[in-house]
Each structure stands twice: as structure tokens, then as C-alpha cells.
Amino acid sequence: MMKQLLRVLLINLVLVTGVAVVSNAESGGENRIDLIGKVVDHYYLDFKPLATVELPRLIYDNGRVHVYRSTTSLLNKSERFTDAGYIDAEPVIQNGKIKPATYQVVRTDGTSPQFDFSITSHLVFFWVAALLTFLIFIPLSLKYRKGIGRSSEPRGAFQNIFETLVVFIRDEIALQNIGPQKYLTFTPYLLTVFFFILFMNFFGLMPWGVSSTADITVTAVLALFTFATTQIFATRDHWKHVFWFPGVPVPIKFILMPVELIGLFTKPFALCIRLFANMASGKILIMAILGTIFIFSDLFGPGVAYGTSWVWVFLTLFVYLIKALVSFIQAYVFTILSALFIGLAVADHGEEHAH
Amino acid sequence: MNSVFAQGLLDVDFGLFFWVLITFLLFLFLLTKFAWKPILNALGEREKAIKDSLEAAEKAKEEAMRISKENEKALKKAESISQKMRKEAIEEAEALRADRAEKAKIEAEKLLDQARNTIEQEKKKALLELRAEVSKMAIEAASRILDEEIDEKRNKKIVDRYIKELNQATADS
């Protein structure tokens, strides 16, 4: 039993890549720590041990959107859908209500519905971050409209802190990478991206909070926006550099063309993976380090686990601080790289070709 | 199907993708319109005002410097002019004085010459007169001698008388 438990824990620790593992149900004890489950998206907000708030389900199937208040409500009311876990097994009923098992909604015949637009925990925290950005910067802009900061100096910590960040992004990120002619066009986008990512990262540090940037879907959307921006605003010069690199012999041009073409897509892909991996790994690392206490408990007994727990707790604290730092750094890195890619795409080389 | 790993870490969820895309677009638009643009405009305006006033201050400083330099130059010039004028005045006065002294000297010389001339002339005149007188007297004396050549004794008496008279005339004159 103990060996099996240990094995499952170790497997879970190794599984940072998130490859779905076929875990053996017979070995699954109640004490399992689901590492990946802490990082992936859910159809509920986890406020354990206080509560679990199920989120609304919106499922598009057969030409109409089916809206339910929660997964439980869907399972009890819908004739069309059921939980993927209840296709073969008997549903779990609590207080006369069917409780969700996997939260994976399927048709009663076991096939997936057309589109699942359900609200998820990552989406909720994405919205929270968006709303927070909105609630911070709309009042701030009203202050500027009134003339504080426009004709006078900024007043108060609130305005000063956020103005510093805004000016930093404008001058150190946008201006440095895009150049003085076009940087103001892209500064709003960079500001939006920076503060969204920053606030999403910060929510991962809060109790019960989830870092939406630890979801590859969210980072993919953000990277997609950077990609779209670079493609939409790309200059003739940029395309010339992609398809017919100037200043090199013709055979080299043919070699460079696919390289540059692949480069177009690897840039946003790297953006997406970098942010996601950094944010997801922080959480996985914390869970893994804390999990060591339980591994020690299984290996050497509870006494040793209690005795060494302070080491792991301190290490967790350290990782937590690193995470706080990484929250800033990754928001900065994503923004500066976006600015860099945009700057490369919109650069007007003009007559001079220093390549 | 594993219940725990219902969702893989690397799965891209279409629903989430859709919502995030829509939300991001919406907030990008709203924030750009109502937050970033006003803030960036205000910042730009403020920076421009600061830059302008700095430039204006710099310009005013330069202007003040220029004016003070000009003033100094003018002062220097005025001073040099006044010095020159003083020098000139002194020179002029000196020249005038020398001139006047020269003139006075010449005048005095002239006066002296004149006086000398006058004296000479008077002397000549006097001599001429004296000569005439003497000759006249001699003639008179001679004629008297001729007239009254009676005796030597008397002659001598006449001459003596004449000389006495002459002496008397000289003492009278």
C-alpha cells in the first residue's frame, strides 16, 4: 500500500509536462495529491475547505446554446447531457442530487457536444484581472482628464505608482523597441498585455487564487494578439526580409526564406510557451515541495515528516517569493518581447541596409 | 478514462480560447479608448509643457546672459570713451595752456622788442636832437666867438659862461 502510494506521488511529481497518465484506479488511495489537477482549468472555483462554487455551463449543441447555472444543475435537469464519468458508472447522488464526477459534459450517448463555452476558473480569474485593470485605470484616467497629472504633478501613491509603470512601459519597452515614430500606436496594446498578465500572475499567489497565465490557452490568445499585431502592421520591408532577404546571394535567399517563415511562427509560440511554463511550473514546484512532507511520512513515518517539514515549508516560502518575482519578470518579458517583435515587423529600414 | 487528468496541462480549450479572445478584444478597446489614450495624452502634454518651460528658461537665461554681456560691453565702451575724452580734454587743455604761454611769451617778446625799438628810436632821436643841439650850440658858440673876438680874456669868459649855461640847461632839463 505504502509503496503504491509513493509510486503514485512520484509519478505525479514527474508529470510536470502534463501528459495525461493512465493512472490505475485500484492503486488510487484517498491521500493522493493531484499536482496537475491543481494547475489545470476547472469548471468550479475551489474555496476548499470552505466551499466549491460551480460555474455556469454554456454548451452549444444542435444549433442552440444550452445554459445551466452549474454542472450539478445540468446533470439534474438535462435530458441531453451527462457527465463523462456516468456513461458507464452509476451517478453519485448526494442529498437527492446528482453530483458531477469529471465535470466533462458529454451527450447521453457518450459523444462530445459541438462546443463547450462553459465558464471556467481560469476564465473567471482572467475576467477578474481584466476588471481590476479596468477599475484601476479608468479612475486614473479620470484623474488625468481633470488635470491632475496633466498640468500639475501626479498626486497620491495610487497615481504615482501606476504612472511610473505606465511611463516605464512607454519609454523603456515601447520606445526602446519600436522606435520614436510608431511606438505610441502600440503602447496601449503593450500596457493592456502587461497589466493583464501582471494581475493574472498575482492572483496565482493568493489563497484560492488561480493564475490564469498558467493555462496555455490564455497565453496562446495573448501570443496570438502579438502575432496578429506584427502581421497586420508589418511593413513592406518586413515581408521583403521574410521572402527575399536583401543583401545576400540568391541561393542564400532560398535557404533563408523557410527559416524566416518558420521564425514568424516560432516567435509567438515561444511567447506563449514561456509564460505558460513559467507560471505553471511555479505552482507545480510549490505543490511538489510540500508533497515531499507526505512522501517522507510514507517513507520514514510521520515523526520524520513532522521533523523535516520546516525545511520544506521554508523552501516553499522561498519558491513563493521567487514566484512573486517571476510574476513581475514574466509580465515584463512578455511585454518587452511583444514590443521587440512588433518593432522588428514595423521597422522601416528605408535606404540603409546595415545587414 | 482517467478522472483526475480529465484535462491535460497542454490542452487548448476552445471555449476558454473563445472567451479570452472576446474579453481581451473588448478590454483592449475599452482600455485604449478610456484609459490609455487619455493617460498617455496627459503624460505627453505634461512632458511637453515641462520641456517647453525648460527650453524657455534656458532661452531666457541665454537672453539675460547676452544682455548682461552687452551691458558690460557697453559699460566698458562708455568707460573707454570717457577715458579717451578725459585724456583728450587734458591734452587739449595742455595744448591750450602751452599755446597760451607761447603766445604770452611771444607777446611779451614783441612788447619787449617794441619797447626796445622805441627806446632805440628815442635814443637815436635823442642823439640826433643832441647832435643838432650840439652843432647848433657849437655854431652859436662859434658865432659868438666870432662876434665878440675882442680879447682872449673875454673869450674865455664867454666860453665859461656858455658852458655854465649849458650845464644849467642840462640840470634844468
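A residue is buried if 20 or more other C-beta atoms lie within 10 Å of its own, exposed if 12 or fewer, and partly exposed in between, with C-beta atoms placed from the backbone. This is a predicted model, in which local features need pLDDT of at least 70, side-chain atom pairs count only at pLDDT 80 or more, and totals for chains, interfaces and linings use all residues. Residues are numbered from 1 along each chain as its sequence is written, while chains are lettered from A and ligands numbered from 1 in the order in which they are written.

**View 1. A:Val128 on helix 4 of chain A.** Helix 4 covers residues 121–146 and holds A:Val128. Helices (H or I, at least four residues) and strands (E, at least two) are DSSP runs, numbered from the N terminus. A:Val128 is partly exposed, because it has 16 C-beta neighbours inside 10 Å. A:Phe196 is 68 residues away from A:Val128 in sequence, yet their C-alpha atoms are 9.4 Å apart.

**View 2. Chain A as a whole, in two domains.** Domain 1 runs over 45–119 and domain 2 over 121–346; such bounds come from an automatic or database domain assignment. Their centres, taken over C-alpha atoms, are 33 Å apart. Five residues of domain 1 and four residues of domain 2 make the contact. Two residues are in contact if their C-beta atoms, placed from the backbone, lie within 7 Å. On the domain 1 side, four residues are nonpolar, none is polar and one is charged. Here Ala, Val, Leu, Ile, Met, Phe, Trp, Tyr, Cys and Pro count as nonpolar, Asp, Glu, Lys and Arg as charged, and the others, Gly among them, as polar. Chain A has 10 helices and nine strands. Of its 355 residues, 34% are buried. Among contacts in chain A between residues at least 6 apart in sequence, 64% join residues at least 24 apart.

**View 3. Where chain B meets chain A.** Chain B brings 39 residues to the contact, and chain A brings 54. The chain B side has 28 nonpolar, seven polar and four charged residues.

**View 4. The hairpin of strands 1 and 2 in chain A.** Strand 1 (residues 44–47) and strand 2 (residues 51–54) run antiparallel, joined by four bridges. Two strands pair if DSSP finds at least two bridges between them. Three residues lie between the two strands. A:Tyr44 has A:Glu54 as its bridge partner. In the loop between these strands sits A:Pro49. A cis peptide bond links A:Lys48 to A:Pro49, with omega about 0°.

**View 5. An open sheet of three strands in chain A.** The order is 4-3-9, with antiparallel pairing. Strand 4 (64–68) and strand 9 (115–116) stand at the edges with a single partner strand each, so one side of each has no neighbour in the sheet. Five bridges pair strand 3 with strand 4, and A:Ile59 stands opposite A:His66. Two residues separate these strands in a hairpin, where A:Asn62 in the turn has a positive phi of about 55°. Two bridges pair strand 3 (residues 57–61) with strand 9. In strand 9, A:Phe115 stands opposite A:Tyr60, and A:Asp116 is the bridge partner of A:Ile59.

**View 6. Helix 5 of chain A.** The helix has 23 residues, 156–178. At 1.5 Å a residue it should span 33 Å, and its end C-alpha atoms are 31 Å apart, which agrees. The expected span is 1.5 Å times one less than the number of residues. Its buried residues include A:Glu163, A:Arg170 and A:Asn177. Just after the helix, A:Gly179 takes a positive phi of about 100°.

**View 7. The largest nonpolar core.** A nonpolar core is a set of buried Ala, Val, Leu, Ile, Met, Phe, Trp, Tyr and Cys residues joined through C-beta atoms within 7 Å. The largest has 79 residues, and A:Leu190, A:Phe194 and A:Ile197 have the most contacts inside it. Helix 6 (residues 183–203) of chain A gives the most, with 14 residues. Leaving aside neighbours within four places in sequence, A:Phe194 is in contact with A:Ile169, A:Ala331 and A:Thr335.

**View 8. Positive phi at A:Tyr103 and A:Trp208.** A:Tyr103, with phi near 65°, lies in the loop between strand 7 (97–99) and strand 8 (105–107) of chain A. A:Tyr103 is buried, because it has 23 C-beta neighbours inside 10 Å. A:Trp208, with phi near 70°, lies in the loop between helix 6 and helix 7 (216–232) of chain A. A:Trp208 is exposed, with 12 other C-beta atoms within 10 Å.
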